[in-house]
Amino acid sequence: MSARDKVIGAIRAGLGARGDEPGRRGQVRARLERSPHGLIPARARQTKPELIAQFARMLEAQTAVVRTVENLKALPQAIAEQLAAFNLPARLRHGDDPVIAGLDWEGTMIERETGPAIGTDAISLSRASLAASETGTLILTSGADNPSTLNFLPDTHFVVLLAENLHGSYEEAWDALRTTYGRGAMPRTVNFVSGPSATADIEHTLVRGAHGPRRLAVFVVLNGQPTRRKN
Amino acid sequence: MQPTSHSFKQNASAALIDADLQRALGHARGGFSTKRAMARDLLPEFDALCEQAKQIKDHTIAHLDLYLEAYEQKVIETGGQVHWATTAEDARQIILGICKEAGAKLVTKGKSMVAEEISLNGALEGAGYEVAETDLGEYIIQIRNEAPSHIIAPAVHLNRDQVEADFRRVHKHLPEGRSLTEPTELVSEARGILREKFLAADVGITGANFIIAETGTSVIVTNEGNGDLTQLLPRIHIVLTTIEKVVPTLSDVSAILRVLARSATGQEISMYTTFSTGPRRPGDPDGPEEYHVVLLDNGRTEMIGSDFQDMLRCIRCGSCMNHCPVYSAVGGHSYGWVYPGPMGAVLTPQLIGVHEAGSLPNASTFCGRCEAVCPMKIPLPKMMRHWREREYDAGDSPWLQRMAIRGWSYAAKRPKLYRFFANAAMGVMGEWGKARGNFRWLPLAGAWLKYRDLPAPPGRTFQSQWKSELKRRRIEAEMQELGL
């Protein structure tokens, strides 16, 4: 008997079940197909401006910097200003994300490299596919557009979020992801990021930058309509 | 790991006079419980969310066979492999096999209590692999050759100066004169050392806080980001987890996440929650090329349908130990194996036997805080009582205790006899303690009375006082009726 058969058999013996009961199977299938929402906290059910304000407040409580910009045209300048505010060199790495690639970088003097992060990168820039306001959580999905290594290897992580992708709850964000990837399917990696890396393993003292980024800056773009690039 | 749970009493006595340990426990004391209370207050729906989380887990356990089958199918569909293991030895052999096949040299690990449970590091090192723990707390105890003393804060039993001494002892290549007096400096040094391990590792092993049947996904929750670098950078990612970690859907995992961090560290959410589904896909510039899940039973199926089934709801938040007066006095190592505190007192006898671990369910005052703060509403004290009964039935409890329980049980079933003894004892003690009003010493209770006094009883039992009071009232009523 295989280990699998032993384990499944022991579970069925303990439950007094056979595994072919239509009622049990039906319940399981229905839940997997519908993924019904449970209780969603009231804080996740607010107007968009309130959700944005809550999202920023939660992230700032975790020492992240949150900047709001009107549109994509204003974004490169905001990123350049933040690099200067952190006293960092104007050099960063990002993936193939069309929103980031489509920005008008001219005039910012920022040097850019593309591709997954390597150990020596100091600053990365990603776009979060989604976010959940209830805990100030960015939701980043893997792939060539936004390689997951950008989220963890560099010392400083900059993240762009289009306000239209901000939801109240995790469940609403998953629903949005399902419309992109299909039901029951996921990107290879989904990262919930709710602040810079932290540890309190030494005497309960909170220290930032344990293994992941020490600094996190988030740029919320209120109007995510693409702007025409200058020629 | 060789358990020392049978010597809990000796372990605890030593812990109470261990100055370093008591200093470290002092740093932690109250911290987690205050933060949890604050997080709970910030979310009005918290109690309702706990009830919902409990229901999700109960539903899942009642359909565990079907959800595990659905989960397995999804992992395979997304290009991963599932390895079922009934025992700790099976799980070790599977992991050794994968590492051998990969020609691995260096293995990085994210924090995993299941890996502790199966003594994975010893097995890997025995087979010649270099193993690097990457969670800061786990790294510290690894270089000290110790076991974790807490399920979410493995090095909570240590002080900063002890960690400094260990770093100076082990990181010999760094300048001797460097400053390591601040926690930030220690964290920074560990970051530098472990960064090299992350980049050089061939295999990364993590646990899973949850596995999701809907999508075939494994979930890890960390604050450091170490688990992410462990599973993202090496060519092979192995998830070592146990069967009760499965939840049906992304909605269900979201619901449980709302109570996990709040109960554990008092955070609204941990800094990183990561969902991994299968290996690297076409066009992916990073991620592991192989994705293996080792799905372990190790005694859990025996809990289904038993007095201990509710324990399978446990999400390993550590809230029970953070609020336990026994744990916070003696620390986690006293419990002598992998899982300490109230949840350990219930789980350990199941996993290594009541004969070895029978002392643990006895190490409780039954104050009930553990159950009150458990987000999964696990009736921990009730289950400790079940273990005490089993220990008694197995003949493992001490002779004097057995005789006392047997004698008491004989009298308690015979009300007249019980009252006779009770009246006699109250009379004697009342007379004896009248002068001082309390006792500083009594036979068989020397240890208990060493730190506290026992108030002397009034000389009569409650029942006999009740009887006289009834009689008095009756006489009073009769006299009133007679107009006297």
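**The interface of chain B and chain A**

Modeller: Let's start with one pair: Glu69(B) and Arg12(A) join their side chains in a salt bridge, at 3.2 Å from N to O. The term asks for a side-chain nitrogen of Lys or Arg within 4 Å of a carboxyl oxygen of Asp or Glu. Between chain B and chain A the count is 10 salt bridges. This is a predicted model, where local features need pLDDT of at least 70 and side-chain atom pairs count only at pLDDT 80 or more, while totals for chains, interfaces and linings use all residues. Side-chain values use heavy atoms, without hydrogens and water.

Helix H11 (residues 183-200) of chain B gives the largest share of the side of chain B that touches chain A, 10 residues. That side divides into 47 nonpolar, 29 polar and 22 charged residues, with Gly counted among the polar ones.

Now the whole interface: 98 residues of chain B are in contact (heavy atoms within 4.5 Å) with 76 residues of chain A. The two chains bury about 7300 Å² between them, 59% of it on carbon and sulfur atoms; this is the accessible area (1.4 Å probe) lost on being put together, summed over both parts. Of the area that chain B buries against chain A, Arg191(B), Arg258(B) and Met271(B) supply 11%, more than any other three residues.

Strands meet here too. Strand S9 (residues 189-193) of chain A runs antiparallel to strand S9 (residues 272-276) of chain B, joined by 5 bridges; pairing requires that DSSP finds at least two bridges. Phe192(A) has Thr273(B) as its bridge partner in S9(B). Helices (H or I, at least four residues) and strands (E, at least two) are DSSP runs, numbered from the N terminus.

Methods
Residues numbered from 1 in each chain as written. Chains lettered and ligands numbered in written order.
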